[in-house]
Amino acid sequence: MASTRVLLSDDHSFMRRGLRTILETTERYEICGEAGDGTQTLELATQLAPDILILDISMPPPNGLEVASQLRESLPKTKILIITMHDSEEMLRAAAAAGASGFLLKSDAEELLLLALQRLEENQCFVSPAFDPNLAKQLFG
């Protein structure tokens, strides 16, 4: 089975390690790199052209939303899964406007990360269940 290349981007190494641990439970995903800030994320994403970028919103500049906006132009085939502790509708709307393909709350990551990635691979969106599904469909298609 061909593996999906994933770039992890979060300013907390503990969070990246946790995501890596979840992804390593299956042979489906290959972690092609890790970044700890927005600048490094832009550099690595441009170099590696991952299939999926798991991207935190709150990072040293540029933040995750700015990174997502910039990568939409240069890497249109890379799916972006925003992962965040911010459970506000405002952040959900901002992520969709930035070009993200999904929005996963960190509190849901252990349980729903693999499902979120599967949906993105199937060219569907994924939004944590804490949000109104009608709003999610409206924002992410």
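Which residues have the most contacts inside the largest nonpolar core? They are Leu55, Leu71, Ile80, Ile82 and Phe103. The legends below cover that core and its surroundings.

The model is predicted, so local features need pLDDT of at least 70 and side-chain atom pairs count only at pLDDT 80 or more, while totals for chains, interfaces and linings use all residues. Residues are numbered from 1 along each chain as its sequence is written, and side-chain values use heavy atoms, with hydrogens and water left out.

**View 1. The open sheet has six strands.** The strand order is β2-β1-β3-β4-β5-β6, with parallel pairing. Strands pair if DSSP finds at least two bridges between them. Strands are DSSP runs of E, at least two residues; helices are runs of H or I, at least four residues; both are numbered from the N terminus. β2 (29-35) and β6 (126-127) are the edge strands, each pairing on one side only. β1 (residues 4-9) and β2 run parallel and share six bridges. Thr4 stands opposite Tyr29 in β2.

**View 2. The largest nonpolar core holds 29 residues.** A nonpolar core is a set of buried Ala, Val, Leu, Ile, Met, Phe, Trp, Tyr and Cys residues joined through side-chain atoms within 4.5 Å. Buried means under 20% relative accessible area, exposed over 50%, partly exposed in between (1.4 Å probe, protein chains only). At least two core residues come from each of β2, α2 (38-48), β3, α3, β4, α4 (89-98), β5 (102-105) and α6 (133-140). A second, separate core has 20 residues, including Leu19, Ile22, Ile52 and Leu112.

**View 3. Leu55 and its contacts.** Contact means heavy atoms within 4.5 Å. Neighbours within four places in sequence are left aside. Leu55 then contacts Ser9, Thr41, Gly64, Val67, Ala68, Ile80, Leu81, Ile82 and Ile83.

**View 4. Helix α3 (residues 64-74) lies across β3 (52-56) and β4 (79-84).** The helix runs at about 155° to β3. Axes are lines fitted to C-alpha atoms, for helices over the stretch in contact, and angles run from 0 to 180 degrees between N-to-C directions. Ser69 sits in α3. Ser69 counts as partly exposed because its relative accessibility is 35%. Thr78 lies in the loop between α3 and β4. At 6% relative accessibility, Thr78 counts as buried. Not counting residues up to four places away in sequence, Thr78 touches Ala49, Pro50, Asp51, Ile52, Leu53 and Arg72.

**View 5. The buried side of helix α1 (residues 13-23).** Met15, Arg16, Leu19, Ile22 and Leu23 are buried. They lie on the same side of α1 because they cover an arc of only 125° around the axis. The arc is that of the directions from the helix axis to the C-beta atoms. These buried residues pack against β1, β2, β3, β4 and α5 (109-121).

**View 6. Gly102 in strand β5.** Gly102 is buried, at 0% relative accessible area. Not counting residues up to four places away in sequence, Gly102 touches Ile80, Leu81, Ile82, Phe126 and Phe140. Gly102 and Leu120 are 18 residues apart in sequence, and 7.4 Å apart in space, C-alpha to C-alpha.

**View 7. Cys32 and Cys125.** Cys32 counts as buried, at 18% relative accessibility. Cys125 is partly exposed, at 22%. The structure holds zero disulfides (pairs of cysteine sulfur atoms within 2.5 Å).
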